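Take a look at the backbone of this model.

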Amino acid sequence: MRRILPDIHDNPDIAQAYAYPEGRPWLRLNMVSSVDGAAWLKGRSGGLSTRGDKRIFQVLRGLADVVMAGAATVRTEGYRPIEPRASWAAIRAGRPDVPPIAVVSRTLDLDPRHPLFTGAPSRTLVITCEAAPRERRAELAKGCDVIVAGDESVDLREGVARLHERGLGRILCEGGPVINAQLSAAGLVDELCLTISPLLVGGGAARIQNGETALVGLDLVQVLEEEGALFCRYVTGKEDHA
C-alpha cells in the first residue's frame, strides 16, 4: 500500500493515517463502492472489498469508540459481535478491548437471541424510537442497552448525543446507504472513508447514500492506493479539520 495524497509514501501506518482528531467528537462513514458507484455486489458489500479494504476496515473498527449500523445492514451483512484483536492493543489502550456495536432500528425487527444481542464482549446498543413495539424493546433490553431517541422515527441527532453522553465520541458508521443519507441530512457527518474498488458493476445497486437528499461539501485530504483500489478520506469542512 502507498499514500499518493497529500504526499507519496510507501507502506504508511494505517492507524496513524486514519487517526481521529483530538479533543472533539467525530462521526465518520466507512463505505466501499465500485468505480460506477454501486454500494454492493449481489446484495452485499463484501463482493466489492479488497485485501487493503479489509485491513483498513479492521483498523477503523479498532480506532472507534462505537460502531454504528442500520438494522438492514446488520441483517444483510451478517453482523456478529466484534472480537478482540491483538493488533488493537496500542490503539485501544485505556479503552475496552472492543468497541460496542450500535444498531439503529425503528421497527426492532431483530432477533433478540442472536449472539450480537446476547453475548457481545462490549454490550450491544440498540437505538430506536418511542413508536417501536414495546414487547420487542423489552425483549432486546434483556441482553443489550436500548436507547430511545425520537417519537415516530429514530432521531439520529438525539441518538448520537446519547452516545456522546456515554463517552462514545468517536463514531464509525458502516451504513447502509439509507442511514448514511439520514446522518448527512442531519449535519452529523464529519468524515467519509471511501474505498473505490476497481470494478464496474452496473445494475440496480444503491449508491453509498440513498433516500434523503443531502448536499454536503467534501474536502479530499488523503488517498491511499493498493492493487488498483483507492482509499479516500474526505472531511466535510464543517470546522477546521487540521
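In which loop does Pro6 lie? Pro6 sits in the loop between β1 (2-5) and β2 (9-10). Helices (H or I, at least four residues) and strands (E, at least two) are DSSP runs, numbered from the N terminus. The bond that joins Leu5 and Pro6 is a cis peptide bond, with omega about 10°.

A word on the source. This is a predicted model, in which local features need pLDDT of at least 70, side-chain atom pairs count only at pLDDT 80 or more, and totals for chains, interfaces and linings use all residues. Residues are numbered from 1 along each chain as its sequence is written, and side-chain values use heavy atoms, with hydrogens and water left out.

Go next to Gly175 and Gly176. A cis peptide bond joins these two residues, and omega is about 5°. Gly176 belongs to the loop between β8 (170-173) and α7 (177-185).

Now turn to phi. Asn11 is in the loop between β2 and α1 (14-17). Its phi is near 50°, a positive value in a residue other than glycine. Is Asn11 buried or exposed? Asn11 is exposed, with a relative accessible area of 62%. Buried means under 20% relative accessible area, exposed over 50%, and partly exposed in between (1.4 Å probe, protein chains only).

Leu108 also has a positive phi, near 60°, and is a residue other than glycine. Leu108 is found in the loop between β5 (101-104) and α4 (115-118). Here the relative accessible area is 1%, so Leu108 is buried.
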